[in-house]
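Take a moment to look over the sequence and the fold.

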Amino acid sequence: LELLWTTIKRYRKFLFFGTWSGLLNVISVQLPTFILGGYFSKIIVGHYSLGHRLVSLPMTMLGSSIAQVFYPTAAKEYNETGNLSKVVDNTFKRLVQIGIFPMVALGLLGKLIFGVVFGESWTEAGVYAQIFSGYLLFRFVSSPLSALFGILQRQGTLLAWNIGFVFCRLLGLLLGARTGKPWMALALYSAASVVFYALLMVWILRNSNVSLRLELKVLLKYLVSSFLL
């Protein structure tokens, strides 16, 4: 019993901060559905739901698989050497390599792709997919790496980030919705998401002793290559 209580005290941050962070994350994902539903028609909500689901689902599944491998590898490396730079650097580069081309292609050709696959009546969903393709790329790269907050025992920092994240996403949606243009609401929502995911990646790279300049060069390199392709 004493050992159990000691373990609970040691890892109480996972329970308290992790629960609230998870809840806020779920809320932030559902915000567009509620806000768009309150300001616009069900057709708009349907277009958003189709576009977001088809794009985010495979990216989320792939990102979760990578995270399941990254977390124990990074935890072992940190416990043995105290150095996370190598494993974070390698994982960051692989995530960029995997995710950047499909998101760039979606950002440029989303409307055309959805029109060909689902018909002309669903081209609006393709436009919405184009709008949030950038934020989905940043989420795909940063989400598996966010396991470092647990490894470094910084769950409180992640909770603070989630609070700001939800607030700015909600603010962007509301400001955009008040213009009467659903694409504006989604654009501001996506812009807020890009900014916060970029801040998340900066924190992760800095606290892993990984060069921000070198990783930015990697990102730009593959971004240019994807545009050329």
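## Overall layout

The protein has nine helices and zero strands. Read from the N terminus, its elements run α-α-α-α-α-α-α-α-α. Keep in mind that this is a predicted model.

How far does the C-alpha trace span along its principal axes? The answer is about 60 × 40 × 25 Å. The radius of gyration is 19 Å, close to the 17 Å that the globule rule gives for 229 residues, so the protein is as compact as a globular protein of that length.

Buried residues make up 42% of the 229 residues. Now take the contacts with a separation of 6 or more: 80% of them join residues 24 or more positions apart.

## The nonpolar core

In soluble globular proteins, nonpolar side chains tend to be buried together. Here, the largest nonpolar core has 60 residues. Those with the most contacts inside this core are F70, V88, V141, L148 and I204.

Which elements give two or more residues to this core? They are helix 2 (12–39), helix 3 (42–81), helix 4 (85–118), helix 5 (123–145), helix 6 (148–151), helix 7 (155–177) and helix 8 (182–207). Helix 5 supplies the largest share, with eleven residues.

Look up I204 in the model. Set aside its neighbours within four places in sequence. I204 is then in contact with V88, S142, L145, S146, L148 and F149. V88 and L148 are also among the residues with the most contacts inside the core.

## Helix 9 and its two sides

Helix 9 covers residues 212–228, 17 residues in total. From its first C-alpha to its last, helix 9 reaches 24 Å, close to the 24 Å expected at 1.5 Å a residue.

Which residues of helix 9 are buried? They are E215, V218 and S226. Seen down the axis of helix 9, these buried residues fall within an arc of 65°, so they line one face of the helix. They pack against helix 4 and helix 8. On the other side of helix 9, R213, K217, K221 and L228 are exposed.

## Aromatic pairs

A pair of aromatic rings is described by the distance of the centres and the angle of the planes. The structure holds twelve aromatic pairs. One of them is formed by F114 and F118. This pair is tilted, with 5.4 Å centre to centre and 40° between the planes.

Why are F114 and F118 separated by about one helical turn? The reason is that they are four residues apart in helix 4. As for burial, the cut-off for buried is under 20% relative accessible area. F114 has 5% relative accessibility, so F114 counts as buried. F118 has 35%, so F118 counts as partly exposed.

The rings of W161 and Y197 also form a pair. Their centres are 5.7 Å apart and their planes are at 50°, so this pair is tilted. W161 lies in helix 7 and Y197 in helix 8, so the pair ties together parts that are 36 residues apart in sequence. W161 counts as buried, at 14% relative accessibility. Y197 counts as buried too, at 4%.

Terms used:
Residues are numbered from 1 along each chain as its sequence is written. This is a predicted model: local features need pLDDT of at least 70, side-chain atom pairs count only at pLDDT 80 or more; totals for chains, interfaces and linings use all residues. Side-chain values use heavy atoms; hydrogens and water are left out. A nonpolar core is a set of buried Ala, Val, Leu, Ile, Met, Phe, Trp, Tyr and Cys residues joined through side-chain atoms within 4.5 Å. Buried means under 20% relative accessible area, exposed over 50%, partly exposed in between (1.4 Å probe, protein chains only). Contact means heavy atoms within 4.5 Å. The expected span of a helix is 1.5 Å times one less than its number of residues. The arc is that of the directions from the helix axis to the C-beta atoms. Rings of Phe, Tyr and Trp (its six-membered ring) pair if their centres lie within 6.5 Å; planes under 30 degrees apart count as stacked, over 60 as edge-to-face and the rest as tilted. The radius of gyration is taken over C-alpha atoms; the globule rule is 2.2 Å times the number of residues to the power 0.38.
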